[in-house]
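Thank you all for making time this morning. I would like to walk through one structure, slowly, for those who have not seen it before.

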Amino acid sequence: MFHKILIANRGEIALRVIRTCRELGIRSVLAHSKADAHSLPMKLADETICVGPDAARLSYLNIPAIISAAAVTDSEAIHPGYGFLAENPAFAEVCRACSITFIGPSPEAIRLMGDKAQARQIAMQAGVPVVPGSEAPLKDSAEALETAERIGYPLIFKAAAGGGGRGMRIVKERGEVVQSFDACQSEAGAAFGSSEVYCEKFIQNARHVEVQVLADRNGQRLHLGERDCSVQRRHQKLLEESPAPLLPTETRDGLRRAALTVAAAVNYVNAGTVEFLVDRDGQFYFIEMNTRIQVEHPVTEMVTGLDLVREQIRIAAGEPLGYRQDAVTWGGHAIECRVNAEDPEHFSPSPGRITAWVPPGGPGVRVDSHMSAGAAVPPHYDSLIAKIITHGHDRAEALARMHRALSETVVEGVKTTIPFHLKLLADPAFLAGEFTLPRLEQHL
Ligand code: MV4
């Protein structure tokens with residue numbers, strides 16, 4: 001096992017990793033920017049080291065600075081958290097070249113899954129259902145038109161190097177194909193340095209369901225059930241829950257099996273998430289795989305009782321998982337609400353200083369947050385200030401606890417998404433477990 005881990009991240013996830021390190025008896029080193037020098041994770045880490053100024057490009061994304069920080073602090077491994085360098089194959093390669101363990105999958109698996117068109121081909125070849133669409137990146141607008149006519153409308157063009165909703169174009173009819181394809185290609189080239197674009201039929205009224213997987217270096221692979229993340233706004237998830245409500249048993253079993261098939265197809269090691277769209281008939285389609293710990297991992301922890309960060313660290317250290325699929329059990333229902341420092345109406349950032357902070361507590365409530373009274377919410381990074389996670393015997397109890405927890409939370413000094421969540425918790429479709437991704441009209 002490692003004696004020291006460098007954390008190349010900030011905010012709640014940095015604190016989350018520090019906490020598990022403490023439980024495992026591993027020293028934590030927090031690599032931080034100047035803007036975060038007075039944050040709560042700074043007080044809880046065993047050591048801290050400044051890796052650059054406020055701008056993420058110069059600090060949390062600064063590979064030489066982070067590698068040097070690991071070297072000078074004698075850290076054997078780096079936990080990248082989510083975002084920043086977590087899915088950067090070049091960073092994982094540099095770690096390998098410097099004999100520092102990257103706590104995550106191999107650079108090869110990150111690179112394969114980072115190419116969403118390739119990921120789609122891998123899933124297809126492994127016999128996992130994908131959305132009807134192109135078999136490979138589209139060569140030109142003539143091929144785009146031919147494919148569009150074959151699969152029908154509406155359809156969606158996606159940048160192979162995009163993912164998570166970036167670099168996508170929805171097309172409603174034949175007349176829009178060529179212009180949308182060309183625009184998607186040039187935007188992708190400018191944004192990601194690769195202009196590869198593929199297309200899929202646009203699935204209406206879909207739910208976003210993802211399966212958590214764990215895999216060790218001995219080739220043992222487990223799934224930890226699924227999460228429903230259908231409540232999104234501008235590709236930002238706002239609420240996640242596990243298990244996914246109202247899923248037919250065959251769909252649930254199929255999703256879990258498919259996720260393990262995809263993980264096996266790329267020799268996946270560490271924690272990962274396989275994302276699917278599920279349509280109204282319970283048909284599911286692979287869309288992408290995330291090769292990192294995700295923001296919403298706590299809902300899986302609450303229903304399985306596992307510590308996913310602990311599992312990530314053990315796997316990276318070469319330990320076997322040490323338990324089998326039938327030892328993973330699920331209890332009750334968990335829901336996570338993301339509390340962002342944002343205007344709840346327009347979702348525009350609301351950075352500033354937190355003047356009052358009273359987190360919720362009581363039965364079945366977990367709060368993952370780096371906030372405290374007087375803490376700054378810097379404008380340079382994402383606006384997540386807390387995750388409120390509730391657990392109950394069933395969905396109704398988890399929902400009642402969430403309503404109670406949100407109502408007792410006090411945040412002053414910045415606007416938050418709590419009013420949005422309280423409205424959502426009164427929405428009949430959401431309460432019935434029937435919430436779906438935004439409809440076509442809402443995208444346009
Ligand atoms: C789709 C889709 C419908 N059909 N793919 C968005 C995030 C990324 N992981 C995949 N996403 C979607 N892929 C097919 N074939 C709907 C979404 C989607 C979405 C699309 C456009 C605008 C907003 C959206 C919000 C959630 C999901």
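I will take the sheets to begin with, then the core, then the cavities and a pocket, and finish with a single residue.

Please keep in mind that this is a predicted model, in which local features need pLDDT of at least 70 and side-chain atom pairs count only at pLDDT 80 or more, while totals for chains, interfaces and linings use all residues. Residues are numbered from 1 along each chain as its sequence is written, and side-chain values use heavy atoms, with hydrogens and water left out.

Let me begin with the parallel sheet. Five strands make up an open sheet in the order β3-β2-β1-β4-β5, and their pairing is parallel; strands here are DSSP runs of E with at least two residues, helices are runs of H or I with at least four, and both are numbered from the N terminus, while two strands pair if DSSP finds at least two bridges between them. The edges are taken by β3 (47-52) and β5, each of which has a single partner strand, so one side of each is left without a neighbour in the sheet. At one end of that order, β4, residues 77-79, pairs with β5 in the parallel sense over two bridges, and Ala77 stands opposite Thr101 in β5.

Now to an antiparallel sheet. Three strands form an open sheet in the order β7-β6-β8, with antiparallel pairing. Here β7 (166-171) and β8 (197-201) are the edge strands with a single partner each, so one side of each is left without a neighbour in the sheet. On average, neighbouring strands of this sheet are turned by 25° against each other, direction ignored, where the axes are lines fitted to C-alpha atoms, for helices over the stretch in contact, and angles run from 0 to 180 degrees between N-to-C directions.

What joins β6 to its partners? Five bridges join β6, residues 155-163, to β8, and the bridge partner of Ala159 in β8 is Val197. With β7, strand β6 also pairs in the antiparallel sense over five bridges, and there Gly163 has Arg166 as its bridge partner. These two strands, β6 and β7, form a hairpin with two residues between them, and Gly164 in the turn has a positive phi of about 60°.

On a 1 Å grid over the protein atoms alone, a cavity is a set of points where a 1.4 Å probe fits but cannot get out, a pocket is an open set with protein on both sides within 12 Å along at least five of seven lines, and lining residues have an atom within 4 Å of a point. Grid points are joined across faces, edges and corners, and a volume is the space filled by probe spheres set on the points.

The largest cavity has a volume of about 70 Å³, and of its 13 lining residues, Asp228, Ser230, Glu241, Phe430 and Phe435 lie nearest its centre. The largest share of that lining, four residues, comes from β10.

The second largest cavity has a volume of about 40 Å³, and its lining includes Arg10, His370 and Ile385.

The second largest pocket has a volume of about 300 Å³. Of the 18 residues that line this pocket, the closest to its centre are Phe102, Gly104, Pro105, Ser106 and Arg217.

Finally, Glu412 has its place in strand β20, residues 410-412. Is Glu412 buried, partly exposed or exposed? At 44% relative accessibility, Glu412 counts as partly exposed, since buried means under 20% relative accessible area, exposed over 50%, and partly exposed in between, with a 1.4 Å probe and protein chains only. The C-alpha atoms of Glu412 and Val358 are separated by 9.3 Å, the two residues being 54 apart along the chain.
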